[in-house]
Amino acid sequence: MAKAQVVAMILAGGQGSRLGVLTKNIAKPAVPFGSRYRIIDFPLSNCANSGIETVGVLTQYQPLALNTYIGNGHPWDLDRNNGGAFILPPFQKTGKSDWYKGTANAIYQNRDFIDDCEPKYVLILSGDHIYKMNYAEMLRQHIENEADATLAVLEVPWEEASRFGILNTKEGTDIITEFVEKPAKPESNLASMGVYIFTWDVLRKALIADEDDPKSNNDFGKNIVPMLLNQGSKLCAYRFSGYWKDVGTISSLWESNMDILDRPHEINLIDRSWRIYSRNPVKPSQFLGDSAEVRGSALTDGCQIFGSVQHSVLSNSVTVEKGAYVKDCVLFPGVTVKAGAHLNRCIVASGTIIGENVKAGSDVKGKSPYINEKICQEGIVVIEGGLKIKDGAVIPANSQVDKDLNVPAKDNVIEEVFRV
């Protein structure tokens, strides 16, 4: 394998259980986003734009759709003779075989791949964040600081700080003096973004030591970073101030899609100097019928609109029939909304057909066995892919329509289940 100064490793194997039925059959990084993208497009495009030519994508949970989507890496200019995109699932080894037990263990299991590239530095990325970052600038700072590790950080609202790894720096410098993973009472609001650059020799030793510790969670935030700090390694912060969103929950996924409409200057998907690339199916142009009304929305190829679409994000091949009303919704590829249906603040997964006169969303009140406030909050309704929802069905706010949920016949809103 060709020698590379830096190798990127994208952690893309997580189940994403907080996304409920949206990740029942696909890995979280493969979830559609922003009309024409998948979540994985953002770290892959950042690598391409930053000049990083060797990228390992570590997959595990439901990898088929993600593997197929990435393919040979062509859309991100990663189909190269030297370097390129490499799919790295767990594999069987002589005498022992393990699934990836944690983020650090995933990199540990692929240390031979990294060694073959002979890099001086390794960039560790999460596959489920929406942001644009120049990793080359972060690497430049890492080298100038002669750091052992550099963590990308940003300031988060104090009320959200306990959700992140929180760090403190030496006054007047970027040298990290303290790091606590998801503290109950944070003393800082400077949060780790889950983007790391390590000097490979340092990280390799730490990974081996971590693997030898039976009490370890094999996690970068919980184990590797604290270990390096305790050893006196030089850890530095790279301060990031652009748009960044962890889309690991239903609420954050919906909000980030809405940000494309409400905060386009921040995420700036039309920036020609930093494109977000994707693998898009070949579809005909979107079509707006005479009866269509579309306001403040994002549509892409293959959409056919005859009804009303307000402040919504539609992926390819979505059909909204005449008399249907869609507001504040995210519709994945191939969704059909039949005449008279009314959707408000819904996420509908791929291929689902919403029957005639269905009422679903934040403005629908009532009781239902589908209500799941652990997964769905803020009135958002999530509907699994590959379903035909019965005509006239009523689905109240904070519901998750899951075909595997056992509900009384009188409350069942699913007419048919099919493969998509």
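Q: Leaving out residues up to four places away in sequence, which residues does L66 touch?
A: L66 touches A12, A27, P29, A30, I40 and T59. Contact here means heavy atoms within 4.5 Å. Before we go on, this is a predicted model, where local features need pLDDT of at least 70, side-chain atom pairs count only at pLDDT 80 or more, and totals for chains, interfaces and linings use all residues. Residues are numbered from 1 along each chain as its sequence is written, and side-chain values use heavy atoms, with hydrogens and water left out.

Q: Okay, and where is L66?
A: L66 is in helix α2, residues 64-70. Helices (H or I, at least four residues) and strands (E, at least two) are DSSP runs, numbered from the N terminus.

Q: Is L66 buried or exposed?
A: L66 is buried, with a relative accessible area of 0%. Buried means under 20% relative accessible area, exposed is over 50%, and partly exposed is in between (1.4 Å probe, protein chains only).

Q: How many residues apart in sequence are L66 and G13, and what's the distance in space?
A: They are 53 residues apart in sequence and 9.5 Å apart in space, C-alpha to C-alpha.

Q: Let's switch to strands. How many residues of β6 are buried?
A: In strand β6 (residues 121-126), 6 of its 6 residues are buried. Y121, L123 and L125 point one way, while V122, I124 and S126 point the other way.

Q: Which way do β1 and β6 run, parallel or antiparallel?
A: Strand β1 (residues 6-11) runs parallel to β6, and 6 bridges join them. Two strands count as paired if DSSP finds at least two bridges between them. M9 stands opposite I124 in β6.

Q: And how do β6 and β11 pair, parallel or antiparallel?
A: Those two pair in the antiparallel sense, over 4 bridges. I124 comes up again here, with Y196 as its bridge partner in β11.

Q: What do strands of a sheet pair through, in general?
A: They pair through backbone hydrogen bonds, either parallel or antiparallel.

Q: What's the strand order in the open sheet of 6 strands?
A: The order is β15-β17-β20-β23-β26-β29, with parallel pairing. The edge strands are β15 (293-295) and β29 (394-395), and each pairs on one side only. Strand β26 (residues 359-361) is joined to β29 by 2 bridges, and K359 has V394 as its bridge partner in β29.

Q: New topic: how many aromatic pairs are there?
A: The count comes to 11. The rule is that rings of Phe, Tyr and Trp (its six-membered ring) pair if their centres lie within 6.5 Å; planes under 30 degrees apart count as stacked, over 60 as edge-to-face and the rest as tilted.

Q: Why is the pair F33 and F42 edge-to-face?
A: Their ring planes are at 85°, so the pair is edge-to-face, with the centres 5.7 Å apart. F33 is buried at a relative accessible area of 1%, and F42 is buried at 0%. F33, Y37 and F42 form one aromatic cluster.

Q: What about Y196 and F220, why is that pair stacked?
A: Their planes are at 25°, so the pair is stacked, and the ring centres are 5.5 Å apart. The pair links distant parts of the chain, with Y196 in strand β11 (residues 190-199) and F220 in helix α7 (residues 220-230), 24 residues apart. Y196 is buried, with a relative accessible area of 8%, and F220 is buried too, with 2%.

Q: Now the nonpolar cores. How many residues are in the largest one?
A: The largest has 69 residues, and M133, V195 and I347 have the most contacts inside it. A nonpolar core is a set of buried Ala, Val, Leu, Ile, Met, Phe, Trp, Tyr and Cys residues joined through side-chain atoms within 4.5 Å. Helix α8 (residues 250-262) gives the largest share of this core, 6 residues.

Q: Which residues does I347 touch, not counting those up to four places away in sequence?
A: Its contacts include L22, I250, W254, F332 and I383.

Q: And how many residues are in the second, separate core?
A: That one has 38 residues, among them V7, I107, A206 and A237.
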